[in-house]
Every structure is written in C-alpha cells, then in structure tokens.
Amino acid sequence: MNVRQRKKLTSRLMAALLRDDLPAALTFVRAGADPNAAGRDGTTPLYLASVQNVPVVVRILLTAGADPNVESGHGDEGTPLTGAAAWGHVDVVRELLAHGADPNLREDHGSGLSPLDWAVRGGHSETEALLVAAGATCRWQTHR
C-alpha cells in the first residue's frame with residue numbers, strides 16, 4: 001500500500017469515528033489505516049475513540065499498533081488517557097492502561113495535568129481508583 005492510499009484510509013477512519021460508525025472504523029483499521037496518524041487538526045484516532053468512550057475501537061487501535069502515550073492535537077487535547085480520565089470513561093481507561101499507557105504522563109508535553117489530576121478534578125472516583133492502582137500520583141493533596 002502506498003502512502004497516499006494509507007492517508008486516505010486514515011482520513012476515512014477519522015471520519016467514521018466522528019460519525020460513530022463502528023463497522024466502518026473497523027473496516028478502515030483492518031484495511032491498513034495508520035492508527036497513529038493524526039488528522040488535519042492533529043487529532044489522533046486513539047484520542048478521538050478515547051474521549052468518545054468507544055472501548056472496542058480503542059482496543060482495536062491499540063492492537064493495530066496505536067501508541068497510547070502519543071499526545072493528540074496541537075496543544076489543545078492531550079493524551080488518550082488524560083482525555084478518557086477527564087470524562088471518567090472507566091472502560092477506556094482500563095483498556096489504555098492494559099496496553100501500556102503511562103498513568104503519570106502529563107499532557108502539554110509534560111507540563112500540564114496528569115490523568116489522575118483530571119479524574120480528581122472531574123470527581124470520577126472509579127477512574128481515580130483505577131489510576132491509583134496503576135501507580136498514578138496526584139499533585140494535589142486532596143485526592144483520596
């Protein structure tokens with residue numbers, strides 16, 4: 001597959017994710033869409049699936065080689081784990097951690113909030129507990 005074909009597949013993957021079209025997203029991943037390639041706005045497929053709370057797509061992207069520690073966007077999104085933690089998407093957080101997401105990796109190239117910071121801010125206690133069990137630390141003293 002040439003670079004142009006792979007870019008087209010990746011673009012179609014992003015469009016399918018935005019439409020919540022799971023069968024199409026799976027088809028594009030299986031056909032060779034790059035699970036780490038960002039769209040025009042810098043958003044990665046894994047970040048998008050993580051914040052949209054689609055654990056099955058998250059698992060498929062990770063299995064296809066998506067890096068769970070790659071920051072998405074142009075400084076305005078963060079990592080898949082920070083995004084999922086901010087929204088309290090427990091199943092996605094669990095999947096990302098199981099595939100090597102760093103529970104202490106801060107967004108904004110290391111200067112922003114961590115996944116646990118986001119879970120605490122959002123009051124997502126189940127997400128918080130998962131992250132703590134995975135070794136996450138919080139910069140605020142108020143966390144449980």
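Which residue follows helix 6, and what is its phi? In this predicted model, local features need pLDDT of at least 70 and side-chain atom pairs count only at pLDDT 80 or more, whereas totals for chains, interfaces and linings use all residues. Residues are numbered from 1 along each chain as its sequence is written, and side-chain values use heavy atoms, with hydrogens and water left out.

**View 1. Helix 6 and the residue after it.** Helix 6 is followed by Gly100, whose phi is positive, near 95°; helices here are DSSP runs (H or I, at least four residues), numbered from the N terminus.

**View 2. Thr44 in the loop between helix 2 and helix 3.** Thr44, found in the loop that links helix 2 (22–31) to helix 3, counts as buried because its relative accessibility is 6%. A polar atom of the Thr44 side chain lies 3.2 Å from the backbone nitrogen of Tyr47. Leaving aside neighbours within four places in sequence, Thr44 is in contact (heavy atoms within 4.5 Å) with residues including Met14, Asn36, Val70 and Glu71.

**View 3. Thr79 in the loop between helix 4 and helix 5.** Thr79 lies between helix 4 (55–63) and helix 5 (80–87), and it counts as buried because its relative accessibility is 3%. Not counting residues up to four places away in sequence, Thr79 touches Tyr47, Asn69, Val70, Glu71, Leu105 and Glu107. Thr79 and Glu107 are 28 residues apart in sequence, yet their C-alpha atoms are 6.1 Å apart in space.

Notes
Helix = DSSP H or I, 4+ residues; strand = E, 2+ residues; numbered from the N terminus. Buried < 20%, exposed > 50% of the residue type's maximum accessible area, 1.4 Å probe, protein only. Polar contact = N/O pair within 3.5 Å; in protein donor to acceptor, adjacent residues only side chain to side chain.
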